[in-house]
Amino acid sequence: MPLLVPPLLKPPLLSYEGLSVALPGMARPILDGVTLSVAAGEAVALVGESGSGKSVTARAALGLLPAGARTGGQVRVDGTGLVGADAASLRAVRTGTASMIFQDPRAGINPVRRIGDFLAEALRVTGGRSRAQADDRALELLAAVGLPDPARHLRQYPHQLSGGMLQRVMIAGALGSDPRLLLCDEPTTALDVTTQAEIMAVLRQAQRDRGLGLLLITHDLDLAGATCDRIYVMYAGRIVETGTAADLLAAPRHPYTAGLLGSSPPLHGGPQRLTPIPGVPMSLAESAPGCAFAARCPLARPGLCDQSPPPLEPAAAGQHGPALVACHLNEEKR
Ligand code: SF4
């Protein structure tokens with residue numbers, strides 16, 4: 001069956017072409033035929049619960065796949081295939097084309113080195129700058145991410161900065177190699193709500209100013225809708241729905257997407273009764289012959305949903321663009 005992706009205005013900067021990743025001894029793959037794309041200048045979110053495979057998907061864009069994994073399909077960054085790539089190709093992507101920002105900034109920085117040394121070292125090693133040039137560039141980068149006194153922060157140690165300030169430092173570090181693609185793995189999850197909004201504003205500003213492709217990994221569908229152009233929803237290692245952010249939030253097609261929206265407080269509007277999704281996500285030790293969401297789905301039909309996994313297929317187009325959904329009931333709605 002041909003791989004289906006929504007039409008893009010520009011060729012994808014990042015593309016997953018049916019990527020599958022399986023670990024020995026597990027009942028089901030971590031990723032199962034993931035097809036996803038991000039164009040230059042486009043902000044795209046990948047949303048799902050913990051354990052759905054989001055982070056493995058993001059790391060695959062740097063060629064960081066679990067040791068011993070069996071893989072199928074391909075991931076391309078600016079045309080370079082990363083599955084099976086040699087060390088030189090991987091290094092070129094990791095130090096030039098793509099950068100990643102992780103959830104916990106304190107886990108990604110040496111606590112006994114000054115902020116300036118952390119930033120300047122990377123700028124010298126990957127950018128070939130002299131010490132003085134690297135220091136100047138580090139100053140520029142800290143100012144660009146909105147730190148109020150960049151010269152002072154360069155002399156400080158990580159423990160002297162708050163979590164939000166340190167995440168700005170990590171964003172500055174990620175932008176230092178002038179990447180074209182920014183991968184953000186839950187970049188605000190460890191921060192309070194006000195700081196979350198500030199960090200997302202910094203990321204969006206950098207993305208727009210530099211025309212970056214941005215892949216945001218998050219469990220927060222509302223945050224994804226507020227900051228991204230398109231959204232992919234992932235469940236048990238598969239993409240179950242994708243479309244424009246506006247359409248997907250206004251009229252979710254997949255019962256899992258609807259469940260995510262119904263179980264989280266909205267960013268805007270008044271109080272609303274929350275309805276949790278029953279049950280727990282399927283672990284890697286479990287598999288299902290049919291739809292992986294069937295055991296939790298309020299619309300599941302015995303004899304239909306438990307027979308075969310629903311393919312990701314075109315759904316009725318939304319107001320703002322095309323959509324794909326993996327649900328056996330999709331056919332009835334097209
Ligand atoms: Fe629910 Fe069936 Fe659709 Fe799966 S295929 S989401 S179980 S209705």
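Helices α6 and α7 cross in a right-handed sense, a crossing being right-handed if the near helix is turned clockwise from the far one by less than a right angle, and left-handed if anticlockwise. The model is predicted: local features need pLDDT of at least 70, side-chain atom pairs count only at pLDDT 80 or more, and totals for chains, interfaces and linings use all residues. Residues are numbered from 1 along each chain as its sequence is written, and side-chain values use heavy atoms, with hydrogens and water left out.

Helices and strands are DSSP runs numbered from the N terminus, with at least four residues for helices (H or I) and at least two for strands (E).

**Helix pairs**

The table gives the two helix pairs. Axes are lines fitted to C-alpha atoms, for helices over the stretch in contact, and angles run from 0 to 180 degrees between N-to-C directions.

| Pair | Axis approach | Crossing angle |
|---|---|---|
| α6 and α7 | within 10 Å | roughly 15° |
| α3 (residues 115-127) and α6 (residues 163-175) | within 10 Å | roughly 20° |

The angle between α6 and α7 makes these helices roughly parallel, a label for angles under 35 degrees. Contact means heavy atoms within 4.5 Å. On α6 the contact with α7 is made by G164, Q167, R168, I171 and L175, and on α7 by T195, E198, I199, V202, L203, A206 and R210. By class, this contact has six nonpolar, three polar and three charged residues. Here Ala, Val, Leu, Ile, Met, Phe, Trp, Tyr, Cys and Pro count as nonpolar, Asp, Glu, Lys and Arg as charged, and the others, Gly among them, as polar.

The angle between α3 and α6 likewise makes α3 roughly parallel to α6, and the crossing is right-handed. I115, F118 and L119 of α3 meet L166, V169, M170, A172 and G173 of α6. This contact has seven nonpolar residues, one polar residue and no charged residues.

**Sheet**

Eight strands form an open sheet of mixed pairing, in the order β6-β7-β8-β3-β9-β10-β12-β11. Two strands pair if DSSP finds at least two bridges between them. β6 (98-101) and β11 (313-314) stand at the edges with a single partner strand each, so one side of each has no neighbour in the sheet. Strands β7 (residues 181-185) and β8 (residues 213-218) pair in the parallel sense over five bridges, and L181 stands opposite G213 in β8.

Helix α7 (residues 193-210) packs on the sheet, touching β3 (43-47), β6, β7 and β8, and its direction makes about 155° with that of β8. Helix α10 (residues 255-262) lies across β3, β9 (230-235) and β10 (238-244), and runs at about 100° to β9.

Technical notes: Angles under 35 degrees count as roughly parallel, over 145 as roughly antiparallel, 65 to 115 as roughly perpendicular and the rest as oblique.
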